[in-house]
Amino acid sequence: MSSLPIPVPNIKISRPVNPTGIWSWLTTVDHKRIGIMYGITAFILFLSGGIEATIMRLQLAGPELDIVSAAIYNQLFTMHGTTMIFLAIMPLSAAFFNYLIPLQIGARDVAFPRLNAFSYWTFLGGALMLKLSWIGGATDAGWFGYAPLTSIDQNPGKGIDFWILSLQILGVASLGSAFNFIVTIINLRAPGMTWMRLPLFTWMSFITAILLVLAFPVITVALIELTFDRYFAFNFFNVANGGSVVLWQHLFWVFGHPEVYILILPAMGIVSEVLPVFSRKPLFGYATVVLAGAIIAFMGWMVWSHHMFTVGLGPVANTVFTITTMLIAVPTGIKMFNWIGTIWGGSLKLNTPMLFSLGFIAMFLIGGLSGVMHAVSAHDAQQQDTYFVPAHIHYVLFGGAIMAILSGIYFWFPKFSGKMYSEREGKLHFWLMMIGQNVTFFPMHFVGLDGMPRRIYTYAEGMGWDLWNAVATAGVFILIAGFLVMINNLGRHWRNGPTATDDPWDARTLEWSISSPPPHYNFEEIPVVRSLDDWWETKYGTHEKAVPVSGSSEDAHNSDIHMPQPSYWPAVTSLGLFVGGYGIVFNDLLFPYLFAGIGLLITVIGVYAWSLEPVNDPE
Amino acid sequence: MSTDVHNNTHEDHDYTTTGLNHRKMLMWAFLGSDCMFFGALIATYLVYQGKSLVGPYPIDVFDIPVTSVSTFVLLMSSMSMVLAYAALTQNKINGFRIWMASTAIMGATFIGFQVYEFSSFSTFHVDIESCAEQKVKYGKFDDYEAELCSNAKDDHVETHDGLKPQTNLFGTTFYTLTGFHGAHVTLGIVWILSLLFLSYKKGMITPERHLDVDLAALYWHFVDVVWIVIFTVIYLFGVFPFPGS
Amino acid sequence: MLNFNKFKQAIPLVLTLLISLVLIACYPEHNQSTFDAAGPVAEKQLNVFWWILIGAAIVFVIVEAALAYAIIKYRRKDESETPKQTHGNAKLELVWTTLPALMLIIIAIPTINTLFYAAEPPKHALEQHTLQAIGHQWWFEFRYPSPSDENKEIVTANEVYIPVGYPISIELDSVDVIHSFWVPKLAGKVDMVPAEGNKMWFEADEPGVYYGQCAEYCGDSHANMRFRVVAVPENEFNDWLAYQSAPAIESPDALALSGQEVFKSAGCSGCHALKTVVNKGSKGRIGPNLTHVASRRHLAAGVLTNSEDGGPVNDSYLQDNLRNWIKDPNSIKPGNIMSAQGVVYTDPDRKLTEEEISALVGYLTTLK
């Protein structure tokens, strides 16, 4: 049957058909299952980052303590930062992208279901590689790994290499995901779902995906350059041969600043969904909020050197970045005001998801204001590299992003689990979180301005930092209590909670028009969208006559539902990357780069098999 | 209403909001990221341009005539790729195969030139019979000669050190940038050869499935455009000074 | 029922409470407090901070108040109610875009002003008051231009004297990784980046001992990399500098003499210099200069204190500190190079005996 010019083995591996149990998870391409896998994995990793933070706070509870050594502490803060950003917040956001975007745009799945699965397995591999690096010595050069601390001379151990390779692998996962969601959002919107009828969460996710596509390659290059310096004595960051260590900072932060918007925009999207539902009012200034998000994403490329105000770029460069950084506060403020406009005059139900979203506004405001203080670069010379920076970071990322994510978890819990959680326990979690957040992180502003540098494993007696450090440490336990309440609440109820209806919140967007949880194919019939907040308008009958934009509604409306099939190859390809990554770090095992080669081979097999995958047609 | 759920994909004919194909859009998104990738490498090169502490310098090693030939070959390979795609859409499978093979061969030729270039740079050798006479003969030294002669103990200077990535910033940035470009070309060649081989399997490469080739072509053209940028910015601007500079 | 006016009246009260809260938490008397500006650079930088703090406090109170008000007033009272479905208000959008932008422009002006002020020392700064601060893992090397010979420099470590009332220019460098030079009460920090040639300046208004600490993570003992800036009247400074350029004291004391021998035989002199005057631009040594170590208030870069409350050096503290340090440097400064490379630490056969340690301590204590 094949008449190829060279002999090729005729291997036919059929696609899995209705796999069960663990195989069904390994081969799934269903965006909802993938979303759940991301969510659970990311949450566990978030807890691991929390343990790292708790140990750090115990060490700093008083002056000159000896809970952990300097070496371990330095690994802890590096791993905590890397974990929280790449292994917690980003994949938690991915969990939401995965679960919700097809539902919100009226699609049956994403544009590339196997690529979607590949992104998850690759993420898992990268995450494992990073966390396993604790064995034998994790990276200890800070989450932004400044050269030349990361050079082979300064850091001969493999910790840095694991950090580099795991970030590269995670980058592949993120890029795959971003490509997928860009195509999905552009190309799989239901008829009538114009751009300005897109739910805000999907809009923010789209903007985030574009940021990912443009930002990640820059850190990829930076990490490649560092790898070549470490492995092959290249000169990228080699001061002795004319290299500049400041180049690393520029490359890193050109990625790093858009990265923080990647972290916060999805969270802002979640808040923009929750507030209208529990105010029974539409989002105030929808178009403005969309535009503000786009402007933030665009301007986010022009501010990176505000992370480098003390590096000696000179007053002219510092002035430019001061101005751009101050300017970016404006669209951020616009969003805040529009959220308040949303609840103003509404009928507010102060349940758990709503409380978390309101808490987000309250806490993100503080983080945003400390951010503006950083932008005042003349004084940033005093704030930089002190505890004032972690104070800012944790208000925007913990009181900000994580609070919004928690709001989203509680909000969509009935949808993805089909069950209802305990509202009382949810509120308890909220209050523990609010109190814990402020007790832990507000004092950091104080000690920062009191001269306490960051990333120090201990501090001297008599500096006056004892009290507020002790308070901050106490706050951690309040936060831990909150998360224990959450795990208990959601864990129990996911199993045995009361059944949730399709639309327990009387909400506004399409995911609430289908069952909880949705069927495998999402929509029996692809909806025809007639307005923004289409589901709300359908329920309360205020639709205007709208014309579907493009594509015949007939195409999307056919009664045969074609669902993408499960596949082995995404997981196999990810495995190849995982093995290859280890092969690069352990490149002298048995034979130079042997395992890197094996990893490459597995990846190539995976890619070929994926491309040529037979389509099983039961008919 | 019972819903027939079929496990099937006719992705190329399925409904899309814009009417554009998913995979085409994916390739464009990917190329966007690849732009940033090469952009960061080119930016690194430019930041370090002129900052090497020791030679050899671009003007010592670059051979513009030779590199112009390889650039031309790569450009022609893009044309050949266009012809391959055109042949496929007209159901001329043999023409398709010929042009695909020719694209791969030209791509491989380009890689061959790169290999030659890398090896000649890394064994670049300077032999100055007499530093004193050299200076008189040419009026002045170029930077590398000046360096070698000033460090030398006697009048005759010979070095086989060549340009390696470890030698200086120029070596580091040049080999990394062009090396990754070469890797992209190589991947493209593998892709093209794969499509070529698949065309012998019945029903794999047909005019209806032209998208498969279209995607490879898009990637190939992108890699070619990146080379045009590299050739211009690194080679040409590296050797020919701007007027007035 | 919520009375909006009463709410509005509460705002100044809350603002006052807030600012007091912040002020309660600022402790100018603490060693590294940024609120105790003891020189013109720190002062100008602090002033800009007061501006933004007030602005931020106002925004904070207004926005949080609006939030709190809305939450309370618009709480759902009736499950069936559906409020007015407002979609937006263009005028409001304009207001809350331009107002913050204006506030930011206002704050940008003094910010940029101060940036330029802090970047270059004033015109009247003297050449002889330019010193070099070179970062090492994990200590600070300082070099002064020699007052008597323009081709020479005077080297010291970790404790740097400056004359009160004069702008001091500092040229920053590092021999290994990025460090940062930070004396909060005198000026904001500038990083010590290898080969970048960063510069900064500051001035002390009053005599005093000002605490400094490295403020860029630089490896294992980043937390233990500290220093002191001692500001004294000009004549005292000149005396001090002259004294610093004097060679190490050669004490005839028996213990000190045997200690001097141990200093050589144990390999200390390989890394630690005992003379301070060097050629300009010459390469530094691996370890801090010890010529006048016994006159320093601290050892191991600000980690061990030789005096009571910043007073004069107490010899018994000094001796204890020296002994503890020499016995086991790694317990005080994890990862330090002395423990990692010194042969008496790496080779168990060459380990220092109690007598040798006592001799060394005896010798070093004489190096006033």
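Read along its sequence, chain B runs β-α-α-α-α-β-α-α-β-α-α. That makes eight helices and three strands. Helices (H or I, at least four residues) and strands (E, at least two) are DSSP runs, numbered from the N terminus.

This is a predicted model: local features need pLDDT of at least 70, side-chain atom pairs count only at pLDDT 80 or more, and totals for chains, interfaces and linings use all residues. Residues are numbered from 1 along each chain as its sequence is written, while chains are lettered from A and ligands numbered from 1 in the order in which they are written.

Now the shape of chain B. Its C-alpha trace spans about 95 × 40 × 30 Å along the principal axes. The radius of gyration is 24 Å, whereas a compact globule of 245 residues would have one near 18 Å. This radius is taken over C-alpha atoms, and the globule rule is 2.2 Å times the number of residues to the power 0.38.

How much of chain B is buried? Of its 245 residues, 33% are. Buried means that 20 or more other C-beta atoms, placed from the backbone, lie within 10 Å of the residue's own.

Next, chains A and C. Here 73 residues of chain A are in contact with 74 residues of chain C. Contact means C-beta atoms, placed from the backbone, within 7 Å. Several helices of chain A give two or more residues to this side, including helix 3 (70–105), helix 7 (245–279) and helix 13 (423–449). Helix 9 of chain A gives the most, with 15 residues.

Note on methods:
Buried ≥ 20, exposed ≤ 12 C-beta atoms within 10 Å, placed from the backbone. Contact = placed C-beta atoms within 7 Å.
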